[in-house]
Amino acid sequence: MKYDVVIIGGGPAGMMAAISASSLGAKVIIIEKNEKLGNKLLLTGGGRCNLTYVAENNREFSQKFGKNGNFLLSPLSIFNFHNTLEFFEKLELKKEGNKIYPLSEKAKDVLIFLINLLKKNNVKILTSSPVQEIIIENNKVKGVFLDNGKTVEGKSYIICTGGKSYPNTGSSGDAFTWNIGHTITELNPSLTPIEINEKWTKSLQGISLSNIGLSLGNKKYIGEILFTHFGLSGPLILDISKEIGKNIKNEKVKLFLDIFPEMTLEDLNDYFSNSVNKNRLLIKYLSTIIPEKLVHFILNFSSIPKARRLNNLTKEERLRLIKTLKKIEFNVTGLLGFDKAMITSGGFSLKEIDSKNMKSKIINNLYFAGEAIDVDGPSGGYNLQVCWTTGYVAGINSVKNND
């Protein structure tokens, strides 16, 4: 079996690479270990598929990826979030802030859209075909050896195998075990929930808090968290989990929850002192702002009787209440592993990949795209955009640079 472009991995990056390469008339094949394409795509955005995040410009977008974000500037200049909107235009889209979803809010509709384009472009799809080895001779890939003993050959090859997160979707880090001469940076789960030592939070399972503050060391964040049976999750927790993971290797990690991040201690004191409905039970008053289950714990931490009315609060009780609302301590015991992480931090080193075309600097006809490379960003469509961007650029250049 010989092709112009051989793509290993049928996730979002692999499908985009196949569509862009085949749009130039190339004979393209996708090799996928699972029975179906796009298993992990179906999980994105909680099943709603957050297609992308529309930033002010490419630089603002890339800065969300930390020090490795500069690598994205070149591919984003070719295919960015605006191009993604154009690409999926026929699907019909909806916007929530800067996040873009399909109008149906169903990830499966995105997958169907992509598969239909693959069929239209006559892309060969080979499923249930795990890759055992990539055969390299004289700094060129000669073929892909499959578990069934067959070999697939092509002029160019693109690795789109993803990371190690959600291994039950097939993204189990296989490519990192292949001997292709590329450096693999340290692999860690990212965008993952955390476990905490505090057992009292179990009774709050399923409760979310929006626009709350979290402090991690000297850094302060504002966003949404979700209480779980094991600890904490939600967009804010996922986004700082990478930072937590770095810190927890060397020291104990504490998080401090601030229910009113926009208000100072003095602001809150004035708020309670000047409030109307002073004859109301404090627990009922607070429950209009905070979930009642959490209020019970806050009063307990503040040593305030649950029968206390707002106008009967002593000055000392009010100060204790305010301090509790501004600083609830959590002791992190660990991150949930790759099986619960949305993405993988680490991967094929960017130093060995040309950002202009996603081509290997070591192997003449090899390209990379998607989560397999060492780029990971926050939740909210950023990482899926990297798949569209790098997949498109790798696909186009795998054809243009064919010998």
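Trainee: In β5, which residue is the bridge partner of Thr-52?

Mentor: Ile-100 in β5 is the bridge partner of Thr-52. This is a predicted model, where local features need pLDDT of at least 70, side-chain atom pairs count only at pLDDT 80 or more, and totals for chains, interfaces and linings use all residues. Residues are numbered from 1 along each chain as its sequence is written, and side-chain values use heavy atoms, with hydrogens and water left out.

Trainee: What makes β3 and β5 a pair?

Mentor: Two strands pair if DSSP finds at least two bridges between them. β3 and β5 (residues 99-102) have 2 bridges, in the antiparallel sense. So they meet the definition. Strands are DSSP runs of E, at least two residues; helices are runs of H or I, at least four; both are numbered from the N terminus.

Trainee: Why are β3 and β4 said to stand at the edges?

Mentor: The open sheet runs β3-β5-β4. β3 (52-53) and β4 (93-96) each have a single partner strand, so one side of each lacks a neighbour in the sheet.

Trainee: Why is Thr-389 called buried?

Mentor: Buried means under 20% relative accessible area, exposed over 50%, partly exposed in between (1.4 Å probe, protein chains only). Thr-389 has 1%, so it counts as buried. Thr-389 lies in helix α11 (residues 382-400).

Trainee: What does Thr-389 contact?

Mentor: Contact means heavy atoms within 4.5 Å. Leaving aside neighbours within four places in sequence, Thr-389 contacts Pro-75, Leu-76, Phe-79 and Asn-80.

Trainee: Is Thr-390 buried or exposed?

Mentor: Thr-390 is buried, because its relative accessible area is 0%. Thr-390 is also in helix α11.
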